[in-house]
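Please view the sequence and the structure together while reading.

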Amino acid sequence: MDGQIVKVKNKRGVRVIPGFGLSMGVTVAMLGVFVLIPLASVFIRAGQLSLREFVDVVTSRQVVSGYIVSFSCAFFAAVVNTVFGLLLAWVLVRYDFPGKMFMNGIIELPFALPTAVAGISLTYLYSDKGWLGAAFDKIGIEIAYTRVGITIAMIFVGIPFVVRTVQPVLEKLDRQYEEAAYMLGAGRGYTFLRVILPELFPAVLAGFGLAFARGIGEYGSVVFIAGNIPYETQIAPLLIMTKLEQYKYADATAIALVLLIISFVLMLLINSVQIYMQKFCKD
Amino acid sequence: MSKKQEKTFQQDMVGDGVHSIQKVIEPHQQEPNRIVKYAMIGVSVLFLFVMLVIPLAVVLVNALSEGWAAYQEAVMDSYTINALQLTFLATVSSVAVNTVFGLFAAYLLSKFYFRGRQVFAALIDIPFSISPVIAGLAFILTFGNIGWMGDFLKAHNIKIVFAVPGVILATIFVTFPFVFRELFPVMNAQGKDEEEAAALMGANGFTIFRRITFPHIKWALLYGIVLCAARAMGEFGAVSVISGHLRGKTNTLPLHVEILYNEFNTTASFAVSSILVLMAMVILILRSLIERKK
Amino acid sequence: MRSIHKIEIVFMILLMGILAGCGKDADSAKGDSIEILNVSYDPTREFYAKYNELFAKHWKEQGGQDVNVTQSHGGSGSQARSVIEGNEADVVTLALAHDITAIEENGLIDSGWMEEFDGSSAPYTSTIVFLVRKGNEKNIQDWDDLVKDGVEVITPNPKTSGGACWNFLAAWAYWQEKDGNDEEATKEYMKKLYQNVLVLDSGARGATNTFVENEQGDVLVAWENEAYLSMEEHPDEYEIVTPSVSILAQPSVAVVDSNAKAHGTKEAAEAYLKYLYSDEAQRLAGENYYRPSNEAILEEFSDQFHLDMNLVTIDDFGGWDEAYNKYFNDDAVFDQIYGQ
């Protein structure tokens, strides 16, 4: 069969599909110009610190607490976005109901709204005098100016990621497998967990990673809703701003570099899983 | 067997043999299904309402809080219009650049297996994981007075940062991975068998892409472009660092919003934000219309 | 194939757009019109919008060219940074001298800029006051009332907002005076003060918003001019309380010599700042809630400002460099207050 031949060729490392050189060239060139060169400047600047200074900066108590706040809030926000993103994608692809068009239409709005406006609006809503905050305040939950508030802002800016990475895959997913599973007597939940989720998993993971990364880097909206109290509600990007305000470029880039490396490793893991899954499924 | 069921059964005789059986089984599952369905829709609607619709309502309510005339004045202000033009230019540029990049990169990483693909993919994602402030700073450390290319650019009288090119570069940077990110999972899931088959039959690269790859990815591409455009319009952090806030020259809409706000001009700032919301709405409606043609 | 052409066309348009963008900023035209870039901080926009018209008229009458002033506003510190990084300001009008000194240290401003204009190059000043809700329920009269239990204070973070350094120093000056310069005792008070701080916003405007729109806290420690702006926006909702001791906040101005020389705008830039001291401009500053540096004109606004406040100045702290290192640098007093 055809597939057989292709496989043999692959093993010998001969590429059948044309365009490798061109797409490699364009990808490397654009990645270089728009991302890697500017990024190298950040590395160079952080490199002005000696190793000792670098370690001192990134392990100072304030900075470490900033990392903890940023990472923990971004993690929870990404988890919430993953659960609801998956749900939204499912509802939008599989069900018909009035208002679906509208729902599908507004998913990207958090991107278009400047983050500062989002932050101001969310704070207005969730402070203990705001429409929603007052209700939560009655049952003793404070949202604005706490880590919960930070998480809410991060959820807001990350809504589109999971929905929009899962949606296209779900649309292309062949329903035959599910139907076959029902036929064989599998329950809904079981079918979802065993048949659908594995197919969606790489996309869900990618969406989770993106939402998480976005949360870590987010500054504009969070800074309004966080109380910015040292050791409690100061996020890492705020500390970068603090350093810049003191004209300590190298310190600022050092803090950013640690964030970047952690996110990079995370992304690398996610991409590896994604690519591994692809091989696993196809072979 | 009712007449209708018999009909589907007969249809399936030539079909895959699945639908008829499902039709028979379905009535048992219908009830809990419906509850699950409405519960899921309900939760989704509630989530979107609380997390998205209400905050947007706050923007609109504030925008109109001083009446229509004040709204119009804020929106028709010449600085607002300048900012709108720049935002438009930056958005179009970043969509164009990132679409080209996204197509090539997703093609490369999903159709060819080579060592280090994971690293490539992770590198492309970097703009997402980097704080926007640092993204802006990266360009300043490259092209600014304190950057390593600063002297060269100054000698040749080329201005990049604190001028329009810097704003565009920063916007491209923060939206860089969007199109790729949308295309990649779909192209990955699709695999490369079809392309390989076509290539073996002697089709050239462009034909393969146009005839085989593209039909699979057009909706993902549309999503990617819309995401990219929306994010480009709203980008604040990176552009804020690099623009210099020159009124009427390097202020994008989000920056203009912030400046109005900082001048204690709250209503106008929300009014200008609402332009962004409307622009996003227009793009999203356009997308729905294209999708409907499907 | 057609689609390829389309892509090419889009690229051409983009390229042209980018080039046009470069060209436009290349140099300010010499001859009968001149362009000045004034990099300023946040709430000065209305003042400078009016002042620019005033100056354009004045400059023309003096036989100068048509002058076109471009404004740039943002946080004082980040604005200073943008000038260092390559934003080609001809003049800077920032919230505190420390930011201008940073530009000087990068060689863009000639040293001695502070003596170039009167009053340490601060044509208008302000001070730090309290904004409380109408009725002043917690009866806040002076700094001591801010450290009482149950009083919630809103003030921005001096480490991210240059303007907020003045707030900190004003409070410091009060307790220093009260305790006869006992530094440890003052630190204790400052610690209590910041324990009462509910939200430590990154900028002055954010803090105002937290207090006004989101109704957090009992008292906002703010610049006098910004307190007036809030009162203007929400009449009858707030009161201004003036503490017995405060600080003279001196927003400074300077010509960015190297840029102005390169643009050929030095003369106009100097005139632009000098004219801030004219009677018309001083009055305009007063109308925008800044205290005119001209004593006679300040008197004209005596019903607006409490002129009997005891105001210390930055010189009492040994100047900005010393003050910044002592209080706001990493691990300095402010960090210590939050440290333990």
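Across the interface of chain B and chain C, the rule finds 14 residue pairs in polar contact, both residues at pLDDT 80 or more; such a contact is a pair of N or O atoms within 3.5 Å, where within protein one must be able to donate a hydrogen and the other to accept it, and residues adjacent in sequence count only if both atoms are side-chain atoms. On the side of chain B that touches chain C, helix 4 (78-111), helix 6 (132-143), helix 8 (164-175) and helix 13 (253-262) of chain B each give two or more residues. Helices here are DSSP runs (H or I, at least four residues), numbered from the N terminus. Helix 4 of chain B supplies the largest share, 4 residues.

This is a predicted model: local features need pLDDT of at least 70, side-chain atom pairs count only at pLDDT 80 or more, and totals for chains, interfaces and linings use all residues. Residues are numbered from 1 along each chain as its sequence is written, chains are lettered from A and ligands numbered from 1 in the order in which they are written, and side-chain values use heavy atoms, with hydrogens and water left out.

The rule also finds 2 salt bridges across this interface, a salt bridge being a side-chain nitrogen of Lys or Arg within 4 Å of a carboxyl oxygen of Asp or Glu. One joins the side chains of B:Lys249 and C:Glu35 (2.3 Å, N to O).

In chain A, helix 11 (residues 188-217) has a kink of about 60 degrees at A:Leu197, shortly before the proline A:Pro198; the bend is the angle between axes fitted to the seven residues ending there and the seven starting there.
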